[in-house]
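I opened this notebook to record what I looked up in the structure, working from overall form to local detail. The entries follow below.

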Amino acid sequence: MQVVGTATRAYEQVLVSVEQYKAFRRDGFLHVPGLIAQAEVAQLARFTEDMMAGRCSLPGIPAPPADLDEAERRHFYERIHMPHRSSELAERFLLHPRVVDVLEALIGPDVLALQTMLFFKQPGQAGQGFHQDSYYIPTQPDSLIGAWIAIDAATQENGCLWMTPGSQFEPIYPDCDGASEQGDTLLDDIPAIQSASHPDPEVNTLANIALRYGNEIPVPAQPGDVIFFGGHIFHRSHRNQSARSRRAFVSHYCNARSRVPWNHGIPYAGEDEGAAANHVHILARGSTHLPYAQPNFGTPCAANMPRLYGERFDDQRTRSMMGDGNGFMVLVPHDEVIHDH
Ligand SMILES: O=C(O)CCC(=O)C(=O)O
């Protein structure tokens with residue numbers, strides 16, 4: 001396989017093993033230790049400290065009022081949404097090439113970057129009850145995936161993620177409280193749920209379904225670890241019951257050939273006529289027949305460096321991610337595959 005283009009990647013490309021790919025499909029999530037360098041995680045930590053101290057703010061997001069004491073300031077934010085649209089740093093982490101390398105293997109090769117969230121989760125702050133991310137972010141076909149970057153060490157005590165392996169094969173449960181229009185309503189025997197994400201399992205009725213699995217597991221993580229999880233898996237996190245922060249930077253992506261009728265609740269061109277919002281989301285890797293946006297701050301990605309991260313090949317052959325025979329997931333042209341059936 002020949003990689004073309006004059007520029008070269010300024011980082012060591014991450015190869016995903018076939019075993020990791022299989023684990024993601026089998027369990028519904030994949031924990032990749034140490035994917036992000038400590039120096040880079042420290043930048044995210046500093047950014048959250050600056051926000052909590054009121055030293056930096058983002059457009060549209062109020063800063064902590066000056067009369068708050070330090071403890072109150074630290075609890076002013078629980079999470080902020082879509083920081084990549086106004087922060088160069090957040091855009092850089094959304095399009096982090098090592099994260100996108102893994103996404104390319106798991107849901108690619110074509111990857112569209114949709115969303116970012118910064119969780120502050122200071123001591124005492126709440127967790128997020130059982131939910132499925134595709135309930136909030138529709139993609140058609142549904143190829144949604146989250147990448148959860150640990151900024152602090154996440155433990156059971158300070159509210160790490162908990163996953164329910166196997167539940168990634170569940171449909172998206174529709175609701176009966178109008179919180180989401182998503183959900184599989186055309187299939188029989190899929191009950192409507194109520195109060196998804198509510199931490200109390202008595203209130204959040206998705207818990208009745210999730211807890212039947214009986215195999216929920218904590219996923220502790222170290223700073224720089226990234227947990228990738230599909231849009232259907234049942235997952236949650238508990239309140240931070242420690243004296244330590246549990247911050248995380250979370251991004252969502254889909255295959256760039258999926259239609260995305262979602263812009264974080266913000267209207268977009270053609271929405272009334274049923275158009276999709278792909279044109280406001282950034283092409284991180286590969287190519288697509290659908291529209292896409294450029295990154296606001298020029299972070300290198302397929303949208304602005306197609307020869308390096310986009311098309312990459314001179315020929316027009318169709319390629320998919322497949323095992324290379326040495327145990328790694330790589331882009332393979334279809335006509336090189338030998339079919340024995
Ligand atoms: O970080 C957390 O506590 C919850 C994150 C989560 O559930 C999500 O991003 O879907």
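**Entry 1. Overall form.** I began with burial and noted that 43% of the 341 residues of the protein count as buried. I took a residue as buried if 20 or more other C-beta atoms lie within 10 Å of its own, as exposed if 12 or fewer do, and as partly exposed in between, with C-beta atoms placed from the backbone. The model is predicted, and I kept to its limits: local features need pLDDT of at least 70, side-chain atom pairs count only at pLDDT 80 or more, and totals for chains, interfaces and linings use all residues. Residues are numbered from 1 along each chain as its sequence is written.

I then looked up the radius of gyration, taken over C-alpha atoms; the globule rule is 2.2 Å times the number of residues to the power 0.38. For 341 residues a compact globule would have a value near 20 Å, and the protein agrees with this because its own value is 20 Å. Along the principal axes, the C-alpha atoms fill a box of roughly 60 × 50 × 45 Å. I also checked contacts, meaning pairs of residues whose C-beta atoms, placed from the backbone, lie within 7 Å. Among contacts between residues at least 6 apart in sequence, 73% join residues at least 24 apart.

**Entry 2. Secondary structure.** I counted seven helices and 12 strands in the protein. These are DSSP runs numbered from the N terminus, with helices as H or I of at least four residues and strands as E of at least two.

**Entry 3. Helix 5.** How many of the 11 residues of helix 5 are buried? I found 10 of the 11 in helix 5 (residues 97-107), so this helix is largely enclosed by the rest of the structure. Among the buried residues are Pro97, Asp101, Glu104 and Ile107. In the loop between helix 5 and strand 3 (111-119) I found Pro109, which is joined to Gly108 by a cis peptide bond with omega of about 20°.

Entry 4. I treated two strands as paired if DSSP finds at least two bridges between them. Strand 9 (248-255) is mostly covered, eight of its eight residues being buried. Strand 3 pairs with strand 9 in the antiparallel sense over eight bridges, and Gln115 stands opposite His252 there. Strand 4 (145-150) pairs with strand 9, also antiparallel, over six bridges; here the bridge partner of Ala150 is Ala248.

I next examined the loop between strand 3 and strand 4. Lys121 is found in this loop; its phi is near 35°, a positive value in a residue other than glycine. Lys121 is buried, with 27 other C-beta atoms within 10 Å. Pro141 is found in this loop too, and a cis peptide bond with omega of about -5° joins Gln140 to Pro141.

**Entry 5. Strands 1 and 7.** In a regular strand the side chains alternate between the two faces of the sheet. I looked up strand 1 (residues 29-32) and found both faces covered: Phe29 and His31 are buried on one side, Leu30 and Val32 on the other. Strand 1 pairs with strand 7 (residues 226-230) over four bridges in the antiparallel sense, with Val32 opposite Val226.

Entry 6. I traced an open sheet of three strands in the order 6-5-8, with antiparallel pairing. Its edge strands are strand 6 (217-219) and strand 8, each of which pairs on one side only. Neighbouring strands of this sheet are turned by 35° against each other on average, direction ignored; axes are lines fitted to C-alpha atoms, and angles run from 0 to 180 degrees between N-to-C directions. Three bridges join strand 5 (residues 161-163) to strand 8, and Trp162 has Arg236 as its bridge partner.

Ser197 lies in the loop between strand 5 and helix 6 (206-210). I noted a positive phi near 80° for Ser197, and this residue is partly exposed, with 16 other C-beta atoms within 10 Å.

**Entry 7. The ligand.** Which residues surround the ligand? I listed Phe119, Gly127, Gln128, Asp133, Gly146, Gly159, His235, Ser237, Ala248 and Val250, counting a residue as near if its C-beta atom, placed from the backbone, lies within 6 Å. Strand 8 (235-237) and strand 9 each supply at least two residues of this shell. By class, the shell has three nonpolar, six polar and one charged residues. Ala, Val, Leu, Ile, Met, Phe, Trp, Tyr, Cys and Pro count as nonpolar, Asp, Glu, Lys and Arg as charged, and the others, Gly among them, as polar.

Notes:
Two residues are in contact if their C-beta atoms, placed from the backbone, lie within 7 Å.
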